[in-house]
Amino acid sequence: MSRDALKTLFHPFETGVVPAPGKDERVLFLGAEAGYRLPAEFAASIAAVQPLRPLYRGLEASRASVTPFVEGEDYDAALILCGKHKGENEDRIAEALKRTKIGGLIVVAGGKEDGIQSLRKRVAQLGWGGDSLPKYHGIAFWFGRPEDADDVIAKFAKKPVRVEGRFDAAPGMFSHERIDAGSELLASRLPEDFKGHAADFGAGWGYLSVMLAGKSPGLKGIDLFEADYHALEAARANLKANAPNVPTRFYWQDLTCEETRDKYDLIVMNPPFHETQAADPALGAAMIKAAAKALKIGGRLMLVANRGLPYEPVMAETFKEWGETCRNARFKVLWGKR
């Protein structure tokens with residue numbers, strides 16, 4: 001079922017408040033998700049952009065024209081579906097300004113939880129005109145692409161963050177400003193004598209992979225799996241900079257429904273535990289089961305999780321042997337042997 005913000009985005013076209021793009025026009029759709037229904041008058045072609053693999057697969061299944069990164073220029077209009085990260089929403093506006101023709105329509109929509117009200121006010125202060133329309137517990141606002149937008153593009157575009165002087169990340173990625181405390185705890189327990197093939201499930205921008213490479217010089221190679229295309233590209237750069245001699249492969253993949261091609265001696269992971277603001281232990285449980293399938297007989301999983309997440313039953317159900325390595329006030333490190 002599509003979220004309300006999608007309906008909010010297309011509501012101005014549904015009501016005729018905003019004229020729908022015609023069949024000879026091209027529309028860029030940033031943050032696109034499946035489940036939208038185009039108004040009858042909306043005849044333009046849509047180039048959808050979605051870097052998150054599960055949402056990308058949903059668009060693919062609906063036969064949308066979709067890529068994980070922005071391509072092309074001189075679009076007649078742009079649609080922006082906001083998410084929960086302020087920096088990412090602003091970056092989408094910057095991309096729309098870069099890719100849309102002067103005078104082209106830009107429509108932005110999101111729910112209250114996406115910070116849409118403050119974003120609308122900030123854009124309104126730029127004096128670009130346009131209007132807004134509330135609907136479905138959210139707001140859609142729109143404006144024309146101004147002739148000179150260079151200053152706003154520079155201000156709104158994502159700025160890479162340097163973490164501990166050696167990692168690069170960006171807004172929207174998990175723990176993009178600092179090393180996650182859970183990952184740090186797991187890193188402190190990684191083996192120093194490992195000599196096989198490893199995988200990093202939900203690798204993010206590559207911290208755990210770099211730490212494993214540093215602690216186990218006999219590592220034969222590591223495969224990084226990540227559902228966020230941009231985070232995976234950051235991981236590629238971070239591994240090249242921090243572990244250039246370790247054989248690495250990178251897979252943009254949704255591990256909850258896409259199986260790995262190879263089997264591993266060791267898998268490390270800090271599994272995601274929410275797709276929305278509410279915790280969803282089923283997501284982490286699916287990752288644990290995926291790891292068990294991807295391990296060789298005798299292979300080991302090492303994972304870190306919030307102390308309150310009930311992963312012990314799925315560990316007992318899935319692994320021949322399992323246990324807890326350590327815990328602190330917030331996190332626990334578990335292991336399983338296939």
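Q: What radius of gyration does the protein have, and what would a compact globule with 338 residues have?
A: This is a predicted model, and its radius of gyration is 22 Å. A compact globule with 338 residues would come out near 20 Å, so the two agree.

Q: What does the C-alpha trace span along its principal axes?
A: About 65 × 40 × 35 Å.

Q: And how many helices and strands are there?
A: Ten helices and 16 strands. As for burial, 51% of the 338 residues are buried.

Q: Switching to charges: how many salt bridges does a search of the whole structure find?
A: It finds 20. One of them pairs Glu33 with Arg3, with the closest N and O atoms 3.0 Å apart.

Q: Where do Glu33 and Arg3 lie?
A: Glu33 is in the loop between strand 1 (26-30) and strand 2 (45-49), while Arg3 is in the segment before helix 1 (4-15). That's 30 residues apart in sequence, so the pair ties those parts together.

Q: Is Glu33 buried or exposed?
A: Glu33 counts as buried, because its relative accessibility is 14% and the cut-off for buried is under 20%. Arg3 is partly exposed at 26%.

Q: Which residue forms a salt bridge with Arg53?
A: Glu258 does, and the closest N and O atoms are 2.8 Å apart. Arg53 sits in helix 2 (residues 53-61) and Glu258 in the loop between strand 12 (248-252) and strand 13 (264-269), so this pair ties together parts 205 residues apart in sequence.

Q: How accessible are Arg53 and Glu258?
A: Arg53 has 14% relative accessibility and counts as buried. Glu258 is buried as well, at 15%.

Q: What about Lys158, which residue does it pair with?
A: Glu88, with the closest N and O atoms 3.9 Å apart. The pair links distant parts of the chain, 70 residues apart: Lys158 is in the loop between helix 5 and strand 8 (161-163), and Glu88 is in helix 3 (residues 86-99). Lys158 is partly exposed at 24%, whereas Glu88 is buried at 17%.

Q: Last topic, the surface. Which residues form the negative patch?
A: Glu147, Asp148, Asp150 and Asp151.

Q: Where is Asp151, and is that residue buried or exposed?
A: Asp151 is in helix 5 (residues 150-156). Its relative accessible area is 65%, so Asp151 is exposed.

Terms used:
Residues are numbered from 1 along each chain as its sequence is written. This is a predicted model: local features need pLDDT of at least 70, side-chain atom pairs count only at pLDDT 80 or more; totals for chains, interfaces and linings use all residues. Side-chain values use heavy atoms; hydrogens and water are left out. Patches are made of residues with over 30% relative accessible area and no salt bridge: like charges are joined within 9 Å, nonpolar side chains (Val, Leu, Ile, Met, Phe, Trp, Tyr) within 5 Å. Accessible areas come from the Shrake-Rupley method with a 1.4 Å probe; for residues, only the protein chains shown count as cover. A salt bridge is a side-chain nitrogen of Lys or Arg within 4 Å of a carboxyl oxygen of Asp or Glu. Lys and Arg count as positive and Asp and Glu as negative; His and the chain ends are not counted. The place of a charge is taken as NZ of Lys, CZ of Arg, CG of Asp or CD of Glu. Helices (H or I, at least four residues) and strands (E, at least two) are DSSP runs, numbered from the N terminus. Buried means under 20% relative accessible area, exposed over 50%, partly exposed in between (1.4 Å probe, protein chains only). The radius of gyration is taken over C-alpha atoms; the globule rule is 2.2 Å times the number of residues to the power 0.38.
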